[in-house]
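Subject: Structure handover and notes

Dear colleague,

I am passing on the structure we spoke about, together with some notes on what came out of the analysis. Please look through the model first and then read the remarks below it.

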Amino acid sequence: MSRRVLDLLLRLFPARFRERHARQVRELLDETLRREPDATRRARLLWWALLDTIRTLVRAWLDIVLGQAGSTAGLRVSLAQDAGFAMRHLRRRPLRTVTLVGTLAFALGSATAIASVTHAILIRTLPYEDPERVFSVSPPPARFTTSGPALRPDFTEMPEVERAALYFENGGGALGTNDGSPARRITVAQVSEDFFATLGVTLIMGGGLGPADDEVDRIVLSHELWRSAFGGDPRIVGQSVRLNERPLTVAGVTPPEVGFPGGTDAWLPHGAFYELYGAAFGSNVIARLRPHVPADALLARLQQAEAAQWENESDVRSVTLRPLRHELTRGLQTPLVLLAAASAMVLALACLNLAGIEFAGVTARLRELRVRTALGASRGRIARQLLTESLVLSVAGGTLGLTLAVGGIHVLQSLLPGETPGLAAAGLDLPVLVTAAVLTMGSGLLIGVLPALRAGGLTGPGTGGPTTTGSREGRRVQAGMVVAQVSLAVILAGGAGLLGGSLSRLHDQPVGYATRGVLTFEVRFPEARADDRAAYLRAVRERLLALPGVLAVGASTRLPLADGMGVGGRARPSGVEDADVSLTFIAATDGWLEAMGVARLHGSDLPPAFGTEPGVVLSRSAADSLFGVESALGRLVEYGFEGFSEPAPVVGVVDDLRLGGGDSPQHAILFTPYTYHNTFGFAVRTAENPEALVPAVRVILDEVDASLPGYAFRTTGSALASHLAARTAVARLASLFGTVALLLASLGLYGLVARGILARRRELGVRLALGASPRGLLGRTVAEGLMLGGAGVMLGLAVFLPLASRMEPLLFQVDARDPRILGPIVMLVLLVTIVATWIPARATTRIEPRDALSAEG
Amino acid sequence: MGRELRLNPGMVHVLLSLAEGSAHGYGILQDIERRSGGALRLGPSSLYYTLGRLEDAGLVAETDEPDFGEPHEDRRRYYRLTEAGRARLERELDDLARLVAAGRRLGLGSEGAR
């Protein structure tokens, strides 16, 4: 047995040693064993000979790699020589070199850019302590009290919970400083006392917000706001600032990049600014687990508590715990991972492509290489030469790629949602540079290893002559590389097709309101001036309606895709106990539904705002669940949060709305008259371009009340587009990669076919001379190419289909194996295959048998 | 041509063995083991690798004639020291002797110590 191992090892030696000494080694070993009588000692001898052989094997190969140098100093010299040769060789064919370097630069650059963004968003350490122990709890274990929402005591006392906090989705406020500069709009979160401790954030200065019922109104600034609005003033703590005209004392500054909830500039104690609760009383809860407690334990307990709360089993909601990192990355994990995988595949494809070119190039340079051998270069040296060439190529590509990566990072930053934590900081930091270096060197090796082996194999002793057996194997290797390229292209194109199809279905999904011609913006009215609301609304509406092109104006407590969860309550047909259903409540002025372009099914609009007339409007599914759509009009309904109000008549029924964008469920909505609310979510319907109205609207708001700036000016269309921003970005990048992949693969196939025809000119000439039809030859060549393409498609599908389910989270109404999308993609790839084969194959029809036969084979 | 081959201890021993007369593989192995008292053992692979490199450097050469009147076994290959090899070996041993003498003057080492 060991003898066989030894024989195998001997076969691994460089050819020279093999030829000269392998037999001698065996014979010597046999002789030594023969002369040893003791069996145990014989066995030991054999073992030792094996070890000795392994050691010698390593030394032999090392000596080859070190070349005639025999030491690292010599190695450096000969590597430098190799590099010089490489550059000369590459410079001789500038166009080809530029193309190769450019392809690599694109592949490496995009991979680096994606690595940078992925690192910044998903991998970098979060600026919180022990972030794996922090989770968001949904539905939030909070309840309403007279002083506002509070954490349920049964939750905070759970043994698994170390601490917990409430926070409210961002409201906007106008921050004014004492130096008279204009108020700047900031995003504010209101949080309970333990918020920063739960998150694991230590303020870099200041004592924090303190208990909510304290006398002093405090505010904590984000690091970024502190720098941009206050110039990083080291004495900011204790200074007074104004938010919506109210004085606050700065009580602290956070470390950089805390940004939770996303995009927050400043934190207030909750309850301080009633009007800043935004359109909703929705609260969110984060909790920090005690050390060594598994999340499942808390989840189980929470689910129990939830079940105990409701009598009706159908009312019990399912509890979810979402890790903090997931909250922060806002569902970008899957898209980023997919993009990273795609860019890796593009890089692999580019390497295969270049390897094929270099591989074929070896045959073309055979004469040059053999001359070098004749001049004394060993085969190992030749092989190293080619490897150096591909490394030079890849280093050039990688360097250029870094420049491209910088641009790529900017592109990604503009495509992905801006407030994603960490996105802004994406750059070429150390881990990313290391990744880029590894990818570059790896690419160089991948590209060069096959050509290097081939060069070594073709320039050794006994490899001369016109027809080497290496050429048939060589063609097989090249064909294999092309098949691999096609399969990668299929995978990338398939993914792109699915994402694109999904995106277009999302765009087509009706949302229930007008996606064009509607401008929306928000105004928060301060609690202190509640009495002025009616007059304010009237004044603003009057002036807005006077603008040219404006068709309708209204306001509500909830704009689609606005920050903040919906307010939910219960409603029932008047007088019918136990028939209550839960609905989303939106308070709206008259004219809002019209301005939003919501289709009216029955009846009329809501009663005027700030009036006393009762009346509600139901959305279709709300009407359906209460009375049935047809018979809802005129019926009486009772509704409320914790109890039920006086009965109010249903004055209208409208279409359902998808308040969260095309991929969100349809809401069953109860629209109530606008009476006591502070948030104006304005909608302005115009026959012209809504964006163009913005300056005029700002002027109007300023005229009516300069202390109330409007904000979040956007059209319904752009809000939807932003909502889909991440998906759109991924789909677009995927299409880019898919296209590049198809292009590279088709070029690879083209090159293979073209070279093959050139190599077989003689054979083809013979066939033609013997009477074969040129079109027949053409057909056969195309058929061969098609077989390669088909093999690539099958291989690609075989890899893609099992993994396609990973894409499910990103797909909308599209099955990951949808044949309606994958079918055409496969057809496309096959078509490209045919074209890429047919174009060079036409050359077969132009072969003159005489020329082909007389040419050198 | 390039740099001169650096001689490691194994190579020196092989050269030394061949200085006595041409030999074949097994003989060289035995010789080295005896001379070094078992401290240096070459295996078949490393022996022939070493011989190969010495041959490339022109210090040894294959030969058909065994010395010492041993019966010539056809399948064995014999090796002999070349002129260049002899010269190189002498030079190497001179260098080593100088080292040893320098050490002795400092009072280091002793005769026959191991």
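In this predicted model, the two chains meet through 23 residues of chain A that are in contact with 22 residues of chain B. Between them, chain A and chain B bury about 2100 Å², and carbon and sulfur atoms account for 51% of that area. On the side of chain A, the residues that lose the most area to chain B are A:Gln24, A:Leu28 and A:Trp48, which together make up 27% of what that side buries.

Turning to chain B as a whole, there are 4 helices and 3 strands, and from the N terminus on these elements follow the order α-β-α-α-β-β-α. Of the 114 residues in chain B, 42% are buried, while the chain exposes about 6900 Å², of which carbon and sulfur atoms supply 49%. If one takes the contacts in chain B with a separation of 6 or more, 54% of them are accounted for by residues 24 or more positions apart.

The strands of chain B form an open sheet of 3 strands, in the order β1-β3-β2 and with antiparallel pairing. Its edge strands are β1 (23-24) and β2 (60-63) of chain B, each of which pairs on one side only. Strand β2(B) is joined by 4 bridges to β3 (residues 78-81) of chain B, and the two run antiparallel; within the sheet, B:Glu62 stands opposite B:Tyr79, a residue of β3(B). Packed on this sheet is helix α1 (residues 9-20) of chain B, which touches β1, β2 and β3 of chain B and whose direction makes about 90 degrees with that of β3(B).

One helix of chain A also deserves a remark. In α20 (residues 716-723) of chain A, the buried residues are A:Thr716, A:Ala719 and A:Leu720. When the helix is seen down its axis, the buried residues of α20(A) fall within an arc of 95 degrees, and they therefore line one face of the helix.

With best regards

Terms used. Residues numbered from 1 in each chain as written. Chains lettered and ligands numbered in written order. Predicted model: local features only at pLDDT ≥ 70, side-chain atom pairs only at ≥ 80, totals over all residues. Heavy atoms only, no water. Pairing = 2+ DSSP bridges. Contact = heavy atoms within 4.5 Å. Axes fitted to C-alpha atoms, helices over the stretch in contact; angles between N-to-C directions. Buried < 20%, exposed > 50% of the residue type's maximum accessible area, 1.4 Å probe, protein only. Arc of directions from axis to C-beta. Areas by Shrake-Rupley, 256 points an atom, 1.4 Å probe, with all protein chains shown as cover. Buried area = accessible area lost by both parts, 1.4 Å probe.
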